[in-house]
Amino acid sequence: MANHCPTAFDESLISGYLDGELTQAAEQKVRIHLEDCVQCRTLIEDLRSIREAAMSTEFSKPDDTQWDERPRGGASLVARGAGWILIAVWAVVVGVYALWEFFTMPASPIERLLVVGGLTALALLFVSVLLDRIKTARTDPYREVEK
Ligand SMILES: [Zn+2]
């Protein structure tokens, strides 16, 4: 977030002011500046709400599930889904590109066999992981509860 303070007031003073880390003289300096600078008042409000948001996330985080990679809440479920869709699209694009390269390049039958074998193995691994994921997502009993 950009601070468009006309006097280029020191941002670290403002954040120190929020944290109550300043000397009395510095605190006074900030207070006086804030009185006639709307940009820095906006900045301090922004910083304050960011801090409050950070604090409340910290307090509501359950410790015992910290390392659980299961997504909690709608946003992370959407992000997870989008991630898998992107991976699928990426795999298809790479696969198509590789095949196109493969059929347009001059290669001996053994080279072709090696490439096809490798790609098939990768594709099978990918599909098996994907199917596993889908199965886990469907049978996960906590998925709906934690929303
Ligand atoms: Zn200012």
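Modeller: Read along the sequence, the protein chain follows the pattern α-α-α-α-α, where helices (H or I, at least four residues) and strands (E, at least two) are DSSP runs numbered from the N terminus. This is a predicted model, in which local features need pLDDT of at least 70 and side-chain atom pairs count only at pLDDT 80 or more, while totals for chains, interfaces and linings use all residues. Residues are numbered from 1 along each chain as its sequence is written.

Biologist: What share of the 147 residues in the protein chain is buried?

Modeller: Buried residues make up 3% of them, where a residue is buried if 20 or more other C-beta atoms, placed from the backbone, lie within 10 Å of its own, exposed if 12 or fewer, and partly exposed in between.

Biologist: Which residues make up the largest nonpolar core?

Modeller: That core consists of five residues, I14, Y17, V30, C40 and L43, a nonpolar core being a set of buried Ala, Val, Leu, Ile, Met, Phe, Trp, Tyr and Cys residues joined through C-beta atoms within 7 Å. The elements that give two or more residues to this core are α1 and α3 (38-60). Leaving aside its neighbours within four places in sequence, I14 is in contact (C-beta atoms, placed from the backbone, within 7 Å) with V30, C40, L43, I44 and L47.

Biologist: How do α1 and α2 pack?

Modeller: Their axes, which are lines fitted to C-alpha atoms over the stretch in contact, are 10 Å apart at an angle of about 110 degrees, on a scale that runs from 0 to 180 degrees between N-to-C directions. The two helices α1 and α2 are therefore roughly perpendicular (65 to 115 degrees). On the α1 side the contact is made by L13, I14 and Y17, and on the α2 side by A26, E27 and V30.

Biologist: And is α2 largely in the open or largely buried?

Modeller: Of the 13 residues of α2, one is buried, so this helix lies largely in the open.

Biologist: Last one: where is L99, and how far is it from V116?

Modeller: L99 sits in helix α4 (residues 73-104) and is partly exposed, with 13 other C-beta atoms within 10 Å. L99 and V116 are 17 residues apart in sequence and 8.5 Å apart in space, C-alpha to C-alpha.

Key: Two residues are in contact if their C-beta atoms, placed from the backbone, lie within 7 Å. Angles under 35 degrees count as roughly parallel, over 145 as roughly antiparallel, 65 to 115 as roughly perpendicular and the rest as oblique.
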